[in-house]
Amino acid sequence: MPSQILPISSKHPQPSIGPPTSVSPADTMILKTEIIDDPATSLLIYSSFEDETSLPIKPLLPRNSSFSAKSATASGSYQHRRRRTASDNSLSLLSDNDGRPHSICEDVGHAAEETRLSLKLFKFLGEGYRWITRFLAFNCYALLLFPGVVQVGYNYFFSTQIRRGIVFGDQPRNRLDLYLPKNSNGPKPVIAFVTGGAWIIGYKAWGTLLGHQLSERGIIVACIDYRNFPQGTMSDMMEDASRGISFVCNNIAEYGGDPSRIYLMGQSAGAHIAACTLLEQAIKEAGEGESNTWSVSQLKAYFGLSGGYNLFNLVDHFHSRGLHRSIFLSIMEGEQSLQKFSPEVVVQDPNIRNAVSLLPPITLFHGSADYTIPPDASTNFAESLQRVGVRARSILYEGKTHTDLFVQDPMRGGRDQMFEDLLTFVHANDAEALSKDAVTPPRRRLVPEFMLQLASSVSPF
């Protein structure tokens, strides 16, 4: 059966003027043939645009050829747009947001800012580098002294003459170690000792070398522990030290000590804590209504070893040595408290002359080559005490560093001048003890000399 052809008129409207025109066969063009539901039916689309008859009619192309041409055209257009975008971006890098080019002055300003930030970074790296070098130096220092540390440590843990961890208060670290002489005939003189540690790493065991050697000469030593920063600040450290001193004054007779011959001593930061505690106690006693558990009059003398007593002169020095100003001021409870915790300054206050008159004799030991706490700290404090009527003196040991007097010299054995001077003061009114000191054989060496020399050269203290 022949196909049925259905005519479809153009969708474009005809002019409204005049009668409708008939469709001319010449104006008919078959655009597409589609099979509808009836395969015998075809569609013819008529177009009657006289204004478009002049347009050239291009031959139809296959679908794949047309797609390839369009793809090539789109690809070329995309590459062109990419090149133009990259060019625009490059230009935008050379201009400000308003399209204005950078000036030389602006470039120099940016370079200066980058240089400033780089220098700031290097500063922080330098601080870290300094701490790293100090840590490595401390490890080398400890390694060189290791033979002596092992012997001292063994004695600390296994000696029957040491009473460790005696509780004297209810605060953390309110403990002390007692070093007792082997000879127990009669009451013994007593030294209440506050160890050092930069107010951060102090510990009662640091005094074991001095405690052991003094106990061999018939002296009881009580090494007092205290809270360190950040567990506590300076006021807490003084409170702990005061409780420890009170325990010694009121209970040492039970351990064979002589309550009438008690001495107070401190080393480095411990010397500062002990001096502040002593002065605070004297101020309390000079006041009214203060309840005291111990008295300054119970102390025969105070010995300061390598201590600092004027914080105004030390805060910048400590900062340059690695104890940063902000940390140090936090330990001392702020810059406003520096005067309160500077004994050299406090004793010059005319309002506390009565309290200053209660202080016992004071002796300050210091090494002339001490660069951790300069020796001027002791000499200036002694002079300030002398000006207000306190019996005070300072003794400098030529060429000795901060740790020589407390660590290297005791491990060296033989005769130790600072140790001998300390014995002379403690045994001043004991002729029998002085005669024994004169015939006591020199102490044995704990570390070879070359290792001690190297330890002194690498010591970070």
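How much accessible surface does the protein have, and what share of it belongs to carbon and sulfur atoms? In this predicted model, the accessible surface comes to about 26,000 Å², and carbon and sulfur atoms hold 59% of that. The chain runs to 461 residues, 41% of which count as buried. It is built from 15 helices and 10 strands. Looking at contacts with a separation of 6 or more, 75% come from residues 24 or more positions apart.

One helix pair is worth a look. Two packed helices are described by the angle between their axes and the distance between the axes. For α4 (residues 208-215) and α13 (residues 417-426), the axes come within 12 Å and cross at roughly 55°, so the two helices are oblique to each other. The crossing of α4 and α13 is right-handed. On the α4 side, L210, Q213 and L214 make the contact, and they meet F419, L422 and L423 of α13. Sorted by class, that contact has five nonpolar residues, one polar residue and no charged ones.

Most residues other than glycine have a negative phi, and most peptide bonds are trans. F229 and P230, however, are joined by a cis peptide bond, with omega at about 10°; P230 sits in the loop between β6 (220-224) and α5 (234-251).

Positive phi turns up at S268, near 55°, in the loop between β7 (257-267) and α6 (269-286). With a relative accessibility of 10%, S268 counts as buried. E333 also has a positive phi, near 65°, and lies in the loop between α8 (325-331) and α9 (343-346). Its relative accessible area is 25%, so E333 is partly exposed.

Conventions. Residues are numbered from 1 along each chain as its sequence is written. This is a predicted model: local features need pLDDT of at least 70, side-chain atom pairs count only at pLDDT 80 or more; totals for chains, interfaces and linings use all residues. Side-chain values use heavy atoms; hydrogens and water are left out. Axes are lines fitted to C-alpha atoms, for helices over the stretch in contact, and angles run from 0 to 180 degrees between N-to-C directions. Helices (H or I, at least four residues) and strands (E, at least two) are DSSP runs, numbered from the N terminus. Angles under 35 degrees count as roughly parallel, over 145 as roughly antiparallel, 65 to 115 as roughly perpendicular and the rest as oblique. A crossing is left-handed if the near helix is turned anticlockwise from the far one by less than a right angle, and right-handed if clockwise. Contact means heavy atoms within 4.5 Å. Ala, Val, Leu, Ile, Met, Phe, Trp, Tyr, Cys and Pro count as nonpolar, Asp, Glu, Lys and Arg as charged, and the others, Gly among them, as polar. Buried means under 20% relative accessible area, exposed over 50%, partly exposed in between (1.4 Å probe, protein chains only). Accessible areas come from the Shrake-Rupley method with a 1.4 Å probe; for residues, only the protein chains shown count as cover.
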